[in-house]
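Hi everyone, thanks for coming. Let me put the structure up on the screen, and then we can walk through it together.

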Amino acid sequence: MRIHAAALNPVELHIWNGHFFDGPPRTPYVIGLEGVGIVEEGERLAPGTRVRVEFVHPGYGRDGAVAEYAVAPEEPDNSDRASQASVTAIGDELDDVEAAALGVPVFTALMCIERAVRAGASVDGAHVLVTGATGAVGMVAVQLAKLMGAARVVAAGRNRKRLERARSLGADATVELAERVGAAELRDRISEAAGGRLDIALDPLWGAPARAAIDALARDGVYVSFGQAASPVAELSGIPMRNHGVAVVGHSGAWATPRARREALARAHELAEQRGRRLELDTEELALDDIGAAWERLSRSAGRRLVVRP
């Protein structure tokens, strides 16, 4: 494939740092979980076919999409979870940058919401908390929760300006995650923002925010963990689980097959289309020559999707 646009994802920093659960990557390798481009050569897909390519994850046997060209199997490869890859023909509803940006964050957000549903939650009429809502997955989760019928969505994050952006995308209330706020005070802020009832919490942070979110959940509430950006450990109370029947579950996209990820992405976009709107993410285009600066900005939480244009 000739790559036209490739999005950068924070998980690649964990891989590069050797902190990912699959261990250090096999260097050298090309970064880039996902990209959009045109088939140059293939057996099933004709040259000129517009496609989305995804690698799970670059660095464990495959090169990624941040390059002028990329190579991937035409059928989803499930043989080795650490180096899975897939190619999907796509239409022209989204331009190259949008198609590259609205990939991993979209199916991740939907899968987390669906994980809550499998654990017993109902999104329709629910009060939902999204922590890390200033990031790409959080921004999409806010939109999807509203599209799926949530009555109230609370966006929590550190960046006040980005929290206002979450409001413009459907959040009903926001909670600023200040550094010196303890779990008890944060729980109270979350409960107040949620209108005294919290049914679902989607959390990529863990640490103190996880304790606060779980403590704020109503009876039979569901907490979904899908990251540990705040801390790899969290001190939890058993009371919510025992007295309120709260369920604590987890989700990792790395353990989902390429087919499952592809199907979740299609479901999310179909849902948005059925509701008469398109999912949105703030993006910024960068040239391949600027990848060094882009990588450094990714490590500082750029606040928008960085998309590289080779």
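Let's start with a question: is Asp172 buried, exposed or partly exposed? With a relative accessibility of 28%, Asp172 counts as partly exposed; buried means under 20% relative accessible area, exposed over 50%, and partly exposed in between, using a 1.4 Å probe and protein chains only.

A word on what you are looking at. This is a predicted model, where local features need pLDDT of at least 70 and side-chain atom pairs count only at pLDDT 80 or more, while totals for chains, interfaces and linings use all residues. Residues are numbered from 1 along each chain as its sequence is written, and side-chain values use heavy atoms, leaving out hydrogens and water.

Now the overall picture. The chain has 10 helices and 12 strands; these are DSSP runs numbered from the N terminus, with helices being H or I of at least four residues and strands E of at least two. Of the 310 residues, 52% are buried. The C-alpha atoms fill a box of roughly 60 × 40 × 35 Å along the principal axes.

Back to Asp172, which has a partner. The side chains of Asp172 and Lys146 meet in a salt bridge at 3.0 Å, N to O; the term asks for a side-chain nitrogen of Lys or Arg within 4 Å of a carboxyl oxygen of Asp or Glu. Lys146 sits in helix 4 and Asp172 in the loop between helix 5 and strand 7, so this pair ties together parts 26 residues apart in sequence. Lys146 is partly exposed too, at 28%.

The whole structure has 24 salt bridges. Another one of them joins Arg50 and Asp96, at 2.9 Å from N to O. Arg50 belongs to strand 3 and Asp96 to helix 2, 46 residues apart. Arg50 is buried, with a relative accessible area of 16%, and Asp96 is buried at 17%.

Which buried residue has no salt bridge? That would be Asp203, and the nearest side chain of opposite charge, Arg158, is 11 Å away (Lys and Arg count as positive, Asp and Glu as negative, and His and the chain ends are not counted). You will find Asp203 in strand 8.

Finally, the aromatic rings. A pair of rings is described by the distance of the centres and the angle of the planes. Rings of Phe, Tyr and Trp (its six-membered ring) pair if their centres lie within 6.5 Å, and planes under 30 degrees apart count as stacked, over 60 as edge-to-face and the rest as tilted. By this rule the count comes to five aromatic pairs. Trp16 and Trp295 make an edge-to-face pair, with 5.7 Å between centres and 90 degrees between planes. Trp16 is in helix 1 and Trp295 in helix 10, so the pair ties together parts 279 residues apart in sequence.

Phe20 and Tyr60 have ring centres 6.3 Å apart and planes at 35 degrees, so that pair is tilted. Both Phe20 and Tyr60 are buried. Ring pairs also link Phe20, Phe21, Tyr60 and Trp255 into a cluster. Trp255, at 58% relative accessibility, counts as exposed.

That's my tour, so over to you for questions.
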